[in-house]
2 protein chains.
Amino acid sequence: MNSKNYVSAHQDQFLSELKDFLRIPSVSTQEKHKDDVLRAAQWLRDRLLDAGVGRAEVLETAGHPVVYAEWMVNEDAPTVLVYGHYDVQPPDPLDEWRTPPFEPTQEGDDLFARGASDDKGQLYAHVKALEAFHETEGAPPVNVKCIFEGEEEMGSPSLEPFIAAHQDLLAADVAVISDTHILGQETPSIVYGLRGLAYVEVTVTGPSGDLHSGHYGGAVHNPINALCAIIADLQDKNGHITIPGFYDDVRELTPEEREELAKVPFDREAWLKEAGVPTDWGEPEYTIVERTSARPTLDVNGIWGGYIEPGAKTVLPSKAHAKISMRLVPDQDPETITELVAEHLKAIAPPTVDLEVESLHGGDGAIVDRESPAMQAAVDAYAATFGREPVFTREGGSIPVVAAFQNYLGLETILIGFGLPDDNLHAPNEKFNISMFYKGIETLIHFYKNL
Amino acid sequence: MNSKNYVSAHQDQFLSELKDFLRIPSVSTQEKHKDDVLRAAQWLRDRLLDAGVGRAEVLETAGHPVVYAEWMVNEDAPTVLVYGHYDVQPPDPLDEWRTPPFEPTQEGDDLFARGASDDKGQLYAHVKALEAFHETEGAPPVNVKCIFEGEEEMGSPSLEPFIAAHQDLLAADVAVISDTHILGQETPSIVYGLRGLAYVEVTVTGPSGDLHSGHYGGAVHNPINALCAIIADLQDKNGHITIPGFYDDVRELTPEEREELAKVPFDREAWLKEAGVPTDWGEPEYTIVERTSARPTLDVNGIWGGYIEPGAKTVLPSKAHAKISMRLVPDQDPETITELVAEHLKAIAPPTVDLEVESLHGGDGAIVDRESPAMQAAVDAYAATFGREPVFTREGGSIPVVAAFQNYLGLETILIGFGLPDDNLHAPNEKFNISMFYKGIETLIHFYKNL
């Protein structure tokens with residue numbers, strides 16, 4: 001039996017194991033799920049050992065642990081470092097899920113669960129590719145090291161220190177991550193550009209305690225009104241960010257890149273339907289594909305203040321809060337942008353309120369070389385599995401570890417993703433396409449062989 | 001024993017009863033407290049019967065019941081209609097209370113509890129004044145009717161229909177309400193002007209479901225950002241409302257009124273400290289006293305959308321919500337203003353989002369004649385109890401029933417309040433000053449005698 005046949009013969013078992021993985025609510029940002037995150041790490045370590053890797057352990061960090069594994073087969077063969085994350089986004093808002101987020105539910109060719117696509121399903125494809133090598137050829141054709149973290153959805157606070165402290169352990173020739181999506185089931189694609197992230201929480205304080213709006217309204221500045229005015233002041237109506245210096249370091253798209261991105265198949269009507277919006281929005285001088293991948297953005301991810309229960313309460317609240325994130329492009333530095341934003345927010349806050357900014361997390365954007373041998377191995381692997389060469393794309397999300405691998409380990413990272421654009425990442429009803437799970441395992445087997 | 005001595009001799013009993021009243025969490029806007037609201041009504045009816053009134057009953061409405069009582073003593077004597085409300089504001093935010101909101105706690109001369117001042121303590125002063133007449137003189141010097149509602153904090157949806165349907169039952173010569181505050185313990189005052197209210201809830205919908213801000217940010221209009229821009233657009237930086245037509249019906253202060261309001265003792269530093277703000281805010285051409293009583297305002301009372309738990313979630317949410325209220329002055333009509341605001345909000349919403357407006361409640365503002373005999377009776381009652389004539393003031397809050405009494409019953413309403421400016425109405429740590437409770441009973445005894 002070859003490794004491809006092994007995968008075909010074990011699809012049901014692989015899917016059943018993935019469901020077990022998805023049942024563990026490893027929400028890294030919520031203290032109440034701390035034990036679940038640890039349980040997910042231990043479960044993953046045990047499956048790696050089951051798959052035949054030589055070494056797998058749960059390593060402590062200042063936060064949630066890292067699962068490290070290695071399978072050194074031949075010192076002359078190249079070494080690939082596989083990264084993934086076993087933590088998941090919070091499932092909120094719960095009432096918008098059609099099926100329970102931590103009870104994986106199969107509907108047709110889709111598996112619905114929080115983390116199905118981001119990133120448990122994609123990560124687990126690597127584990128099953130290794131198992132296929134173990135059961136058919138005894139071992140993979142390359143040395144493999146795995147680093148699976150449990151803090152990606154909280155900004156990976158412990159990952160960079162971990163990498164910095166374990167540079168020898170993690171030494172490799174190339175890194176690979178499956179945490180992106182391809183353009184469609186029939187249209188494989190490789191992300192070569194990623195956006196970075198700066199994320200801040202802003203608190204505006206007006207009166208020291210909640211007041212009656214009838215008694216004080218008109219003479220006390222309402223912190224919610226003040227916060228709205230401050231947020232409105234950060235962008236023009238097309239989303240162009242008005243913070244001075246914000247675009248200074250943006251690496252503009254080259255004419256060649258714009259030409260290539262224009263070749264990415266894009267159906268505006270289908271996109272509008274998928275996004276569920278009446279019309280698109282944003283900087284008119286850029287295409288939708290460019291705006292969502294090669295341009296920096298500013299989004300309020302959450303806002304709250306005052307009375308938010310049913311009915312009417314005429315409170316003039318003490319505080320108003322907003323979580324604001326900026327997607328960054330090469331060469332914007334998250335720390336610089338965070339400082340710039342914090343300074344600007346404080347500068348435009350009126351003297352009638354107090355404004356505080358807390359940095360929640362950040363990550364660099366990245367561009368991967370499209371001409372390298374490892375990239376060619378990925379191109380050929382997709383072509384072999386999908387019968388079609390992949391398109392090169394940029395992605396709007398962030399994988400901060402890509403920059404850390406470059407900086408600490410000198411590694412180029414290949415992003416071999418198997419998600420689909422409608423996987424509902426970070427949203428209710430997240431899903432992973434089951435065929436993509438199996439095709440992913442197959443593609444990875446080709447990739448490891450091509451290296 | 002005269003009625004004044006009776007009050008002195010029974011202070012502890014009165015206070016203990018008030019505490020029982022305050023222990024009932026009669027939060028009218030919250031479905032879970034529906035039974036508590038009914039329980040408060042029944043408790044109040046029983047205390048009215050204990051006080052000696054001839055008739056007291058709990059009358060059904062479409063919502064929470066009305067407690068009606070009457071004590072007809074002499075058909076030649078005038079009849080006074082006493083209004084109060086036995087429901088209270090929600091206690092949120094609970095974690096800012098120093099003592100449990102429904103466990104009345106005495107600290108020095110203050111009694112802390114939700115509803116202590118607004119309006120259970122003030123309402124109960126009337127019940128105890130009636131008891132004093134019963135126990136000393138056998139009966140009050142005037143005919144008394146009481147209408148105590150349980151929906152004031154939700155905008156009194158059933159009160160106007162109730163008044164309209166019971167015009168004969170409620171027929172009287174003058175109405176009296178104790179639901180306002182005086183300027184200070186040594187500075188009695190009578191509110192002759194009240195602001196009205198229009199209250200709307202706005203929902204902005206962007207994408208049909210939550211999206212990943214990395215994948216869609218930059219090309220999908222974020223409903224929170226859109227809502228903030230819309231809210232920011234409703235006012236200039238000094239709080240002047242920019243909705244076309246908003247000020248058309250505002251009855252401007254006369255020079256004589258401005259002169260009189262300027263006489264109201266006002267200590268800016270003390271006011272800033274009490275409000276807990278670094279500086280005041282608002283229309284610079286009006287004084288703080290004028291801005292908080294004679295000018296219309298716009299406050300966001302609550303805002304929410306997206307991810308509001310600890311940590312970072314990079315969601316581009318589907319919806320954003322805000323509760324927005326406007327304090328209105330004579331002769332602004334709440335319905336007209338609500339329509340004006342709803343139309344304007346829809347007009348300024350960009351085509352990238354959908355905006356819906358729901359009207360939560362409204363109430364007319366009012367001005368009471370300062371020259372009437374009943375007003376003189378109130379002035380003399382304060383003077384007798386406090387040793388000082390009251391100042392005439394306007395108040396920022398709303399008592400919509402004042403307009404309903406005028407419209408349906410042709411009654412002028414006298415506002416005899418005993419709250420203090422720092423009673424924390426609608427806010428955590430609401431309190432009622434215990435001396436004001438006793439002085440209130442005494443003042444009401446004088447008032448009933450003076451009529």
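Modeller: A word on burial to begin with: a residue is called buried if 20 or more other C-beta atoms lie within 10 Å of its own, exposed if 12 or fewer do, and partly exposed in between, with C-beta atoms placed from the backbone. This is a predicted model, in which local features need pLDDT of at least 70 and side-chain atom pairs count only at pLDDT 80 or more, while totals for chains, interfaces and linings use all residues. Residues are numbered from 1 along each chain as its sequence is written, and chains are lettered from A and ligands numbered from 1 in the order in which they are written.

Colleague: Good, then how does Pro330(B) count on that scale?

Modeller: Pro330(B) counts as partly exposed, because it has 19 C-beta neighbours inside 10 Å. Pro330(B) lies in the loop between strand E13 (319-328) and helix H11 (334-348) of chain B, where helices (H or I, at least four residues) and strands (E, at least two) are DSSP runs numbered from the N terminus.

Colleague: And what is Pro330(B) in contact with, leaving aside neighbours within four places in sequence?

Modeller: With those neighbours left aside, Pro330(B) is in contact with Arg251(B), Gly365(B), Ala366(B) and Ile367(B); contact here requires that the C-beta atoms of two residues, placed from the backbone, lie within 7 Å. Asp249(B) is 81 residues from Pro330(B) in sequence, and their C-alpha atoms are 7.7 Å apart in space.

Colleague: Switching to the two chains, how many residues does each give to the contact?

Modeller: Chain A gives 82 residues and chain B gives 82 residues. On the side of chain A that touches chain B, the elements that give two or more residues include helix H7 (223-232), strand E11 (297-306) and strand E14 (354-363) of chain A, and E11(A) gives the most, with nine residues.

Colleague: What is that side made of, by class?

Modeller: The side of chain A that touches chain B has 34 nonpolar, 35 polar and 13 charged residues. In this scheme Ala, Val, Leu, Ile, Met, Phe, Trp, Tyr, Cys and Pro count as nonpolar, Asp, Glu, Lys and Arg as charged, and the others, Gly among them, as polar.

Colleague: How are the copies related, then?

Modeller: Chain A superposes on chain B by a rotation of 180° with 0.1 Å of shift along its axis, at an RMSD of 0.1 Å, and that is the relation of a two-fold axis. The superposition is by least squares on the C-alpha atoms of residues with pLDDT of at least 70 in both copies. The copies meet through the same surface, because 100% of the interface residues of chain A are also interface residues in chain B.

Colleague: In which sense do E11(A) and strand E11 of chain B pair?

Modeller: E11(A) and E11(B), residues 297-306 of chain B, pair in the antiparallel sense over five bridges, and two strands pair if DSSP finds at least two bridges between them. Gly306(A) has Gly302(B) as its bridge partner in E11(B). Within chain B, E11(B) also pairs with E13(B) in the antiparallel sense, over eight bridges, with Ala320(B) in E13(B) as the bridge partner of Gly305(B).

Colleague: How many residues of E11(B) are buried?

Modeller: In E11(B), 10 of its 10 residues are buried, and the strand is mostly covered.

Colleague: Which strands make up the open sheet in chain B?

Modeller: That open sheet has three strands in the order E15-E8-E16 (chain B), with mixed pairing. Strand E15 (366-367) and strand E16 (391-395) are the edge strands, each pairing on one side only. Strand E8 (residues 189-194) of chain B runs parallel to E16(B), joined to it by five bridges, and Ile190(B) stands opposite Phe392(B) in E16(B).

Colleague: Now the backbone: where are the cis peptide bonds?

Modeller: Among them, one joins Asp118(A) and Asp119(A), with omega about 5°, and Asp119(A) is in helix H4 (residues 116-136) of chain A. Another runs from Asp92(B) to Pro93(B), with omega near -10°, and Pro93(B) is in the loop between strand E3 (79-85) and strand E4 (105-107) of chain B.

Colleague: What about phi at Asn429(A)?

Modeller: Asn429(A) has a positive phi of about 60° although it is not a glycine, and this residue is buried, with 21 other C-beta atoms within 10 Å.
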